[in-house]
Amino acid sequence: CGAAGGPIDWVIKTQGVSFRHAVELLRSDPSLAAGTLDGAAGTVGVKRSTVRRLPVPVALEASEQELLNQVIDYYHQTLLASPEALAYLAKRGLAGQAEDEAGQQNARELVVKFRLGFANRTLGLRLPQARVKAGGELRTRLQGLGVLRESGHEHFNGCLVVPVFDDAGNVSEIYGRKIGDKVD
């Protein structure tokens, strides 16, 4: 096709997505780096896509409480897949750095029991876009819950997410702690 660049550039160009979205797509399906657009070899130049290609981690019709619980579940899965977040927990003795195997098991159980999570800006990539009716409604609901800011960015971006549960096991509050070197 005569275009220069690497796998991420290829996915950006052929899928019509942002850099961050392309990275997440490649994480979920590395074969995209070698793929073609609609089966046509060498075809590039897709206009900006309005359809998200990553699965939506929350149900559009969920109640407010279900929505909050689903967001916490998504953040929990993100933490379990994030070496950065797990390293942060390990430095604090909460995941994997215990002296013996029993201590490591206790640390893992703590992370799972309290559904600790990590917000890394990928939730927004999985939500329908705001200009789509369902996406706008969902994002407005998430803003009302305090998960998204008015700007549409994740409120807890770069944070270890610690949910607080009520007696019924539902999330009643969320605490976030920045884990990176650049703390705002």
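**Packing of the helices**

Colleague: At what angle do the axes of helix 1 (residues 7-15) and helix 2 cross?

Modeller: This is a predicted model, in which local features need pLDDT of at least 70 and side-chain atom pairs count only at pLDDT 80 or more, while totals for chains, interfaces and linings use all residues. Residues are numbered from 1 along each chain as its sequence is written, and side-chain values use heavy atoms, with hydrogens and water left out. Axes are lines fitted to C-alpha atoms, for helices over the stretch in contact, and angles run from 0 to 180 degrees between N-to-C directions. For helix 1 and helix 2 the axes come within 9 Å, and they cross at roughly 110°.

Colleague: Are helix 1 and helix 2 roughly parallel or roughly perpendicular to each other?

Modeller: Angles under 35 degrees count as roughly parallel, over 145 as roughly antiparallel, 65 to 115 as roughly perpendicular and the rest as oblique. With a crossing of roughly 110°, helix 1 and helix 2 are therefore roughly perpendicular.

Colleague: How many nonpolar, polar and charged residues does the contact of helix 1 with helix 2 have?

Modeller: Contact here means heavy atoms within 4.5 Å, and by this criterion Pro7, Ile8, Val11 and Ile12 of helix 1 meet Phe19, Ala22, Val23, Leu25 and Leu26 of helix 2. Ala, Val, Leu, Ile, Met, Phe, Trp, Tyr, Cys and Pro count as nonpolar, Asp, Glu, Lys and Arg as charged, and the others, Gly among them, as polar. By class, this contact of helix 1 with helix 2 has no polar residues, no charged residues and nine nonpolar.

Colleague: Which helices do the buried residues of helix 2 pack against?

Modeller: Buried means under 20% relative accessible area, exposed means over 50%, and partly exposed lies in between (1.4 Å probe, protein chains only). In helix 2 the buried residues are His21, Ala22, Val23, Glu24, Leu25 and Leu26. These buried residues pack against helix 1 and helix 6.

Colleague: Is Glu24 buried or exposed, given its relative accessible area?

Modeller: Glu24 has its place in helix 2 (residues 19-28), and not counting residues up to four places away in sequence, Glu24 touches Leu54, Thr122, Leu125 and Arg126. The relative accessible area of Glu24 is 7%, so the class is buried.

Colleague: Which residues of helix 7 make the contact with helix 3?

Modeller: Helix 3 (residues 64-80) and helix 7 (residues 133-145) pack with their axes 11 Å apart and at an angle of about 85°, and these two helices are therefore roughly perpendicular to each other. From helix 3 the contact draws on Glu64, Leu67, Leu68 and Val71, and by class the contact has six nonpolar, no polar and two charged residues. On the side of helix 7, the contact is made by Leu138, Arg141, Leu142 and Leu145.

Colleague: How far apart are the end C-alpha atoms of helix 3, and what should the helix span?

Modeller: The expected span of a helix is 1.5 Å times one less than its number of residues. The 17 residues of helix 3 should therefore span 24 Å, which agrees with end C-alpha atoms that are apart by 25 Å.

Colleague: Where does Arg121, a residue with positive phi, lie?

Modeller: Most residues other than glycine have a negative phi. In Arg121, however, phi is near 75°, and at 45% relative accessibility Arg121 counts as partly exposed. Arg121 lies in the loop between strand 1 and helix 6 (123-126).

Colleague: Which residues does Arg149 touch, not counting those up to four places away in sequence?

Modeller: Arg149 lies in the loop between helix 7 and strand 2 (159-165), and at 43% relative accessibility Arg149 counts as partly exposed. Under that exclusion, Arg149 touches Gln143, Glu154 and His155.

Colleague: In what order do the elements of the protein chain run from the N terminus?

Modeller: Helices (H or I, at least four residues) and strands (E, at least two) are DSSP runs, numbered from the N terminus. The protein chain comes to seven helices and three strands, and buried residues make up 35% of its 184 residues. From the N terminus on, the elements run α-α-α-α-α-β-α-α-β-β.
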